[in-house]
Amino acid sequence: METVLILGATSDIGFAIARKFASAGASVQLAGRKPEDLEPLQSDLAIRYGIPCGVYRFDVTDLSSHNAFYSALPVKPDITVCVVGYMKDNEKVIRDAAETNRTIATNFTGPVSILNIISADYAARKSGTIVGISSVAGLRGRQSNYIYGSSKAGFTAYLSGLRNRMYPEKVHVVSVLPGFVNTKMTAGLDLPALLTAEPDEVANAVYKAVRKKKNTIYVKWFWRWIMLVITSVPEKIFKKKKL
Ligand SMILES: NC(=O)c1ccc[n+]([C@@H]2O[C@H](COP(=O)([O-])OP(=O)(O)OC[C@H]3O[C@@H](n4cnc5c(N)ncnc54)[C@H](OP(=O)(O)O)[C@@H]3O)[C@@H](O)[C@H]2O)c1
């Protein structure tokens, strides 16, 4: 039976991805910093789909715990999905060094640390799939969220380099760059309905991308073209815009 590890399983997107793989018969490992919040999902998945489902404590910013976390997993996963992320109001983040550091650590340094460990194991086993949930926000910095955006830009570049390095090891890496998604992270933001995906759409797209060995996906197809336009705007015009 295939085993899927979800790092950041308390997120709405993480929940949806766990359900999608469990419904397809995979065993699921739910990891998050509040294991008690994962227990209802654990029982639900185990009862509904009759699959083994474990819960593990994991803090992506606690880098020194990462080796022990991975070593302690009773079964090493075939697929790892890194969903963790952190986004707060950019104006508050830039005035608070701890918040700046937390944004970078949760979106970049932490995921890099744990995925370095997991990819080394996959390379030794000559198999495995890693999925990183990054964001279109990493494709061009905007004044309204450039700390989050730049940390996601780093993560996107990391995933691309990892895919390149892991290719000869038979390890596949999928980069997921969603546009807006209707979740706790964006609650209270006025998102345009037509451009916004639901967590289940992200989960379906991730599942398909893993099966078809896609490299980079945007979830809603038009985000690829929206971002092509946004990244093509000359900097002398872009820098004057209130974005
Ligand atoms: N929503 C969007 O519009 C959107 C768009 C593009 C990309 N994304 C990305 O999609 C992913 C999922 O986000 P979401 O929208 O589902 O938001 P979310 O519900 O806020 O999910 C964030 C997840 O990260 C976890 N996390 C935060 N700090 C952590 C830490 N130190 N250690 C371990 N886990 C930690 C959270 O756990 P706790 O429950 O413990 O806080 C939660 O599970 C993120 O990477 C986000 O950047 C979201």
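Which residues of H7 are buried? They are Pro 199, Val 202, Ala 203, Ala 205, Val 206, Tyr 207, Ala 209 and Val 210, where buried means under 20% relative accessible area, exposed means over 50% and partly exposed lies in between (1.4 Å probe, protein chains only).

This is a predicted model, in which local features need pLDDT of at least 70 and side-chain atom pairs count only at pLDDT 80 or more, while totals for chains, interfaces and linings use all residues. Residues are numbered from 1 along each chain as its sequence is written, and side-chain values use heavy atoms, with hydrogens and water left out.

Helices (H or I, at least four residues) and strands (E, at least two) are DSSP runs, numbered from the N terminus.

Helix H7 covers residues 199-211 and includes Lys 208. Lys 208 counts as exposed because its relative accessibility is 53%. Together with Lys 212, Lys 214 and Arg 224, Lys 208 forms a patch of positive charge on the surface. Patches are made of residues with over 30% relative accessible area and no salt bridge; like charges are joined within 9 Å, and nonpolar side chains (Val, Leu, Ile, Met, Phe, Trp, Tyr) within 5 Å. Lys and Arg count as positive and Asp and Glu as negative, with His and the chain ends not counted. The place of a charge is taken as NZ of Lys, CZ of Arg, CG of Asp or CD of Glu.

**The nonpolar patch**

Trp 221, Trp 225 and Leu 228 make a nonpolar surface patch of about 410 Å², with areas from the Shrake-Rupley method and a 1.4 Å probe. Leu 228 belongs to helix H8 and, at 47% relative accessibility, is partly exposed.

**Residues with positive phi**

Most residues other than glycine have a negative phi. Lys 170 is not a glycine either, yet its phi is positive at about 65 degrees. Lys 170 sits in the loop between helix H6 (146-166) and strand S6 (172-176) and is exposed, with a relative accessible area of 59%. Val 219 likewise has a positive phi, of about 70 degrees, and is placed in the loop between strand S9 (216-217) and helix H8 (222-232).

**Salt bridges**

A salt bridge is a side-chain nitrogen of Lys or Arg within 4 Å of a carboxyl oxygen of Asp or Glu. The count comes to ten salt bridges, including those in the table.

| Pair | N to O distance |
|---|---|
| Lys 184 and Asp 12 | 3.6 Å |
| Glu 169 and Lys 126 | 2.4 Å |
| Glu 235 and Arg 140 | 2.5 Å |

In the salt bridge of Lys 184 with Asp 12, Lys 184 lies in the loop between strand S7 (180-181) and strand S8 (196-197) and Asp 12 in helix H1 (residues 12-23), so the pair ties together parts 172 residues apart in sequence. Lys 184 is exposed at 55% relative accessible area, whereas Asp 12 is partly exposed at 26%.

In the salt bridge between Glu 235 and Arg 140, Glu 235 is in helix H9 (residues 235-238) and Arg 140 in the loop between S5 and H6, 95 residues apart. Glu 235 is partly exposed, with a relative accessible area of 47%, while Arg 140 is buried at 12%.
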